[in-house]
Number of protein chains: 2
Amino acid sequence: MAEDGAEDTAAPNAFALAQRQGDEAIRTTLLDAASRLLAAEGPQALALRRIAVEVGCSTTVLYRMFGGKSGLTEALYIEGFRRFRERLAAVPPDPDPRVRLHALGLAYRDNALAERNYYGLMFGEPVPGFRPGEKALLTALSAYAILEDAVAACAAAGLLIDADPRHVAVSFWASVHGFVSLELNGHLPDADAILDTLMNGISSGFFATPRK
Amino acid sequence: MAEDGAEDTAAPNAFALAQRQGDEAIRTTLLDAASRLLAAEGPQALALRRIAVEVGCSTTVLYRMFGGKSGLTEALYIEGFRRFRERLAAVPPDPDPRVRLHALGLAYRDNALAERNYYGLMFGEPVPGFRPGEKALLTALSAYAILEDAVAACAAAGLLIDADPRHVAVSFWASVHGFVSLELNGHLPDADAILDTLMNGISSGFFATPRK
């Protein structure tokens, strides 16, 4: 288009690529860029102008889509938990509810590794003072409920030790959360073997051998 | 001193109070202020000028003591692990090494709650790009070694399940770390009961009943 053809040969930016695929792609592109900046540089990078420069759009697009910085933070939080919930929901049922719980632990870790830029936002407090709104909290709870239901299924099958299933669910979450936090921060060089030990220990600590 | 007496009636700032007690108190005052700002506002608050204003000293004091921002970050890291190690080292021995390990888990949590401003720095990555130096890493390892030795003592007493003691030590750490991370971020309303469930589950999962 430009007379010297410079614009035609320039690589299209992330925004131009997303535009070709529509609003949902633009939204995902903006959220992924924002979560990447947040994870790499901390909360001061979560400025609409900064993100606009990063993906190559105008700040107007960001204001129209998210309303402002706190709307963007809320959207990030929801997106993180939406992906997390999808990953857990994809774990198939199993005749032995302990097998399903074990698979949920692995899916939890897979999600954390695949969506590491969202993980700190979901379970840490990376944006000082930000409190998620109702929709974000409901999304988070609906993801967590999958873990809680899986522990309740173990209890219903008579496989749980003498403990409150809700406390066991939180303990399970805390253990896997601790593992992936340390792994994401580069503290676990032998991560696969450790996860194996951890899951086996939890499994034999919280759950009984089924009665034949 | 001032003719109108205004300076005499003004409350002394943190720096003036620390000066009366000497260099070690100044150092602690500066590190505590820096860790508080880091936890409350993120890494952009970790600017020497900002900390100087906060405690009421000149930036010269900070430059003299820490050399600059990366020296300050390193000092924060060392201070956090030094306090952590002290807390773990204060746990008394016990004829049953599992009892001692359990007490170390509680001490780990006590330290995290008492030193919450240091905790994220020690096990997260709150200052993007910062890598602790050799002295900081040695301090961290010497603290962690207390946990590892406690698990090794359980293994030596024939109390460990069939697993690599080092992997069990990391699993123990990951579980307690996950618990305190979630507690510090306000995710665990019923924290005491959950810690109890978690520690009992780990204990019966990783350790056998002693042979009589």
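In this predicted model, the centres of domain 1 of chain A and domain 2 of chain A, taken over C-alpha atoms, are separated by 32 Å. The domain assignment places residues 1-67 of chain A in domain 1 and residues 77-212 of chain A in domain 2. Besides this boundary within chain A, there is an interface between chain A and chain B, where about 2700 Å² is buried between the two chains.

**Where the two domains of chain A meet**

- Nine residues of domain 1 of chain A are in contact with eight residues of domain 2 of chain A, and the two domains bury about 650 Å² between them.
- Of the area buried between these two domains, 62% lies on carbon and sulfur atoms.
- On the side of domain 1 of chain A, the residues A:S35, A:L38 and A:P43 together supply 49% of the area that this domain buries against domain 2 of chain A, which is more than any other three residues supply.

**Polar and charged links between the domains**

- The interface of domain 1 of chain A and domain 2 of chain A has one salt bridge according to the rule applied.
- The side chains of A:D32 and A:R83 form a salt bridge, with a distance of 3.0 Å from N to O.
- Three residue pairs are in polar contact between domain 1 of chain A and domain 2 of chain A, counting pairs with both residues at pLDDT 80 or more.
- Sorted by class, the side of domain 1 of chain A that touches domain 2 of chain A consists of five nonpolar, two polar and two charged residues.

**Where chain A meets chain B**

- The contact involves 35 residues from chain A and 35 residues from chain B, and of the area buried between these chains, 68% is on carbon and sulfur atoms.
- Within chain A, the residues A:H167, A:L182 and A:T197 supply 19% of the area that chain A buries against chain B, more than any other three residues.
- Between chain A and chain B there are zero salt bridges, whereas nine residue pairs are in polar contact, with both residues of each pair at pLDDT 80 or more.

**Cysteines**

- Over all chains, the structure holds zero disulfides.
- B:C57 has a relative accessible area of 13% and therefore counts as buried, because buried means under 20% relative accessible area.
- B:C154 is also classed as buried, because its relative accessibility is 0%.

How values were computed. Residues are numbered from 1 along each chain as its sequence is written. Chains are lettered from A and ligands numbered from 1 in the order in which they are written. This is a predicted model: local features need pLDDT of at least 70, side-chain atom pairs count only at pLDDT 80 or more; totals for chains, interfaces and linings use all residues. Side-chain values use heavy atoms; hydrogens and water are left out. A disulfide is a pair of cysteine sulfur atoms within 2.5 Å. Buried means under 20% relative accessible area, exposed over 50%, partly exposed in between (1.4 Å probe, protein chains only). Domain bounds come from an automatic or database domain assignment. Contact means heavy atoms within 4.5 Å. Buried area is the accessible area (1.4 Å probe) that two parts lose on being put together, summed over both. A salt bridge is a side-chain nitrogen of Lys or Arg within 4 Å of a carboxyl oxygen of Asp or Glu. A polar contact is a pair of N or O atoms within 3.5 Å; within protein, one must be able to donate a hydrogen and the other to accept it, and residues adjacent in sequence count only if both atoms are side-chain atoms. Ala, Val, Leu, Ile, Met, Phe, Trp, Tyr, Cys and Pro count as nonpolar, Asp, Glu, Lys and Arg as charged, and the others, Gly among them, as polar.
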